[in-house]
Amino acid sequence: MDLTHSTVPCLLKPKLTPKPLLEGNPSMRRIMRDVSNSKPSAFGNVFTNLVVKARKETDFETAVIEKPKQRFKVSQGDPTPYGATFRDGGVNFCIFSSNAVSATLCLITLSDLQEGRVTEEIFLDPFINRSGDVWHVFVKGDFKDMLYGYKFDGKFSPEQGHYYDSSKIVLDPYAKAVISRGQFGVLGPDDNCWPQMACMVPNSEDEFDWEGDLPLKHPRRDLVIYEIHVRGFTRHESSRTEFPGTYLGVVEKLDHLKDLGVNCIELMPCHEFNELEYFSYNSFLGDYKVNFWGYSTVNYFSPMIRYSSNGTHNCGRDAINEFKLLVKEAHKRGIEVFMDVVFNHTAEGNEKGPSLSFRGVDNSVYYMLAPKGEFYNYSGCGNTFNCNHPVVRQFIVDCLRYWVTEMHVDGFRFDLASIMTRGSCLWDAVNVYGIPVEGDLLTTGSPLSSPPLISMISNDPVLRGVKLIAEAWDAGGLYQVGMFPRWGIWSEWNGKYRDIVRQFIKGTDGFSGAFAECLCGSPNLYQDGGGKPWNSVNFICAHDGFSLADLVTYNHKHNLANGENNNDGEIHNNSWNCGQEGEFADIAVKKLRKRQMRNFFLCLMVSQGVPMIYMGDEYGHAKGGNNNTYCHDNYINYFRWDKKEGLSSDFFRFCQLMTKFRHECESLGLDDFPTAERLQWHGYAPGMPDWSDASRFVAFTLIDSVKGEIYVAFNTSHLAVTVALPERPGYRWEPLVDTSKSAPFDFLSSDLPERETAIKQYSHFLDSNLYPMLSYSSIILLLSPHENP
């Protein structure tokens, strides 16, 4: 073969260049120049690991070039699909970058990654290895323990939105696993919080035995969601799990969730993120602050490696399989799995943040930028993902499809979802209408009535079959609760439900009518346009804000442990400490707090819509009044299994029985909003509700095909009342739940030994069709045939 005329589509950069042989040798320099300027060949760069030998002859020097066996063979590759794909005995690498002028595929062994070295570099020829804006190459070779990343070169011009730096290795946005550190909270080499990261190279052995697993497809109306943090759920020593703080740890505790009556878990962020992003010493607690919640994504296709029991072992494949095992085992127990996804911003932050992936690949495409390159910050976290750019919205759809088809996820909750309805920074009339039009109709970030991304997701043949939940607001002031474009399939975190229920239960005047709307599934928000009760995801507490126990213990936030002088976190909590601030309180105050917790949980379970429980609320987890615990990898955020099994077990029993009752009642998960044929409102007297601003009493009866009829009442006044019950000839009302009673008499379950005795204590009231209610209490009564009609 004539080496000076060989053709290769890409060039492998040698780890060592025989420079001493080149210096002062014109003949050798000429050969190097001629070959480097020649057309490439399908067999790889002829200077890959060449052994150059020179020998001195009589009056001139000649060079003999030998070509040993190559480690990798490269060829053109295909521009689809994006990411790294194993096929035909090799791997096709494909990545989008419209503004880069050159691209290099970096192959890195696990050992070289730890040492900060690149094992091999494959230069992509822009004439052969580029199709449009897509760079691609096909590589064959030994990929054992091999990772990859990219280097891109181009303009470094922040005012134009470009941040190219050919010295940085960046992640493939489509990577299926990202490797850096192996243990949660442990610093990298030289105490580096941001050690070099690299992507897993797929192989033919990447298989998982799903054992015939299929989607559960629970009707939306039947869901009971449980918001859970993978690490926090089992990290505390009281969990007594074999693999605490991991996906496998959650698997070990799935039976607890089944016992609680949960049929859906919503995982707080499990995409790859860097928990050391905020790493700093916290003098208040004597530990270190971390990004515990994980709302700062590094890569959207990759499960969080440090939630795996095996960390970086097997280049991240073990983490993928452990996540799949969690899904499979949850499905075996009838529990669907949702993911909390953060497509509103990434960990790269603003111009002062690191270049990890999207910024180094194509910053002006992936982020929403102002005309001079500044980052829009509708997320409150430094940058805003450019969701409605054509490339970015396709990326998001591809990602969601992957988690559904490959990982068997059942649904998604979209953090700050209103950002996904804003116009992209490259928005123009041609993009919208296909032709230019006069005038500037839309500006960057403008809310769109029919956002293309939401339309794509909603009409995608795969994604339309899963559950989709929007957090319908963002940090830029766009609030869309009740107005998020639903396409007939989206639900919303109902923040208005949370605020109204908190106000009414703590006894604030003026909320009785709004509270009644909440009990009906918020038809005032969702009925127009054909909405259903399940469009509303009802919650009292979530990760962001007070826990249920703190909601009844504190009037004010107590966030000093965050090290921000109590300046962080929500100010308007609509909480009530029941008379004394803090956990140390009189016995009477503590009893009232337990009553209020029962009131909140009962309300959640008898409301139309989809109830969501926050992890730990089922036993009354306390966070010391901290309503923004994003940075604590400690007892503040850890589920306390010893508490759940100890003195708090009475509240867990109540929650368990209330959830079971909801599942048993056909009328508490309706397909449509209740009408007067099924539901009747009452006041202190039957059929006479009081909707005045001074009213603190709401009651209703509900026809139920299983229970017959149920009566529910809430007295949030500081005064006790005696309620007149609706007349039902031939029947008598009997108590089932009374939150003013101490356990176990707060819920008179059928297996309670003293149940009949407890009911007889009410007989003189019930015989007169009356029921006494203490202040701040709620009740559920059921009809039973009267023994002496």
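These legends describe an overview and several close-up views of one predicted protein model.

Residues are numbered from 1 along each chain as its sequence is written. The model is predicted, so local features need pLDDT of at least 70 and side-chain atom pairs count only at pLDDT 80 or more, while totals for chains, interfaces and linings use all residues, and side-chain values use heavy atoms, with hydrogens and water left out.

Figure 1. Helices (H or I, at least four residues) and strands (E, at least two) are DSSP runs, numbered from the N terminus. Of the 789 residues, 58% count as buried. Buried means under 20% relative accessible area, exposed over 50%, and partly exposed in between (1.4 Å probe, protein chains only). The accessible surface comes to about 31,700 Å². Carbon and sulfur atoms own 51% of that surface. Accessible areas come from the Shrake-Rupley method with a 1.4 Å probe; for residues, only the protein chains shown count as cover. Contact means heavy atoms within 4.5 Å. Among contacts with a separation of 6 or more, 73% join residues 24 or more positions apart.

**Figure 2. Residues 1-68 keep a pLDDT under 50.** pLDDT is the predictor's confidence in each residue, from 0 to 100. The protein averages 90, and 89% of the residues score at least 70. For residues 1-68 the model has 109 contacts beyond four places in sequence. Where pLDDT is low, the predicted coordinates should not be read in detail.

**Figure 3. Thr104 sits in strand β7.** The strand covers residues 102-109. Thr104 is buried, with a relative accessible area of 7%. What does Thr104 touch, not counting residues up to four places away in sequence? Its contacts are Glu121, Ile122, Phe123, Gly149, Tyr150 and Lys151.

**Figure 4. Strand β30 pairs with β29 and with β34.** Two strands pair if DSSP finds at least two bridges between them. Strand β29 (residues 697-704) runs antiparallel to β30, and eight bridges join them. The two form a hairpin with three residues between them. β30 also pairs with strand β34 (residues 777-785), in the antiparallel sense, over six bridges. Val712 in β30 stands opposite Phe700. In β34, the bridge partner of Val712 is Ile780. Strand β30 (residues 708-715) is mostly covered, with seven of its eight residues buried. In a regular strand the side chains alternate between the two faces of the sheet.

Figure 5. In α13 (residues 512-519), Ser512, Phe515, Ala516, Cys518 and Leu519 are buried. Just after α13, Gly521 takes a positive phi of about 95°.

**Figure 6. A salt bridge joins the side chains of Lys594 and Asp650.** A salt bridge is a side-chain nitrogen of Lys or Arg within 4 Å of a carboxyl oxygen of Asp or Glu. Here the distance is 3.8 Å, N to O. Lys594 lies in helix α16 (residues 587-606) and Asp650 in helix α18 (residues 649-664), so the pair ties together parts that are 56 residues apart in sequence. Lys594 is partly exposed, at 42% relative accessible area. Asp650 is partly exposed too, at 22%. Side chains of opposite charge can pair when their charged atoms come close.

**Figure 7. Six residues are linked in a network of salt bridges: Glu211, Asp255, Lys328, Glu329, Lys332 and Arg333.** The side chains of Arg333 and Glu329 meet at 3.2 Å, N to O. Glu329 counts as buried, at 15% relative accessibility. The structure holds 39 salt bridges. Another of them joins Glu756 and Arg755, at 3.1 Å, N to O. Glu756 counts as partly exposed, with 49% relative accessibility.

**Figure 8. Glu492 is found in strand β25.** The strand covers residues 490-493. Is Glu492 buried or exposed? Glu492 is buried, with a relative accessible area of 0%. Glu492 and Asn535 are 43 residues apart in sequence. In space they are 6.0 Å apart, C-alpha to C-alpha.
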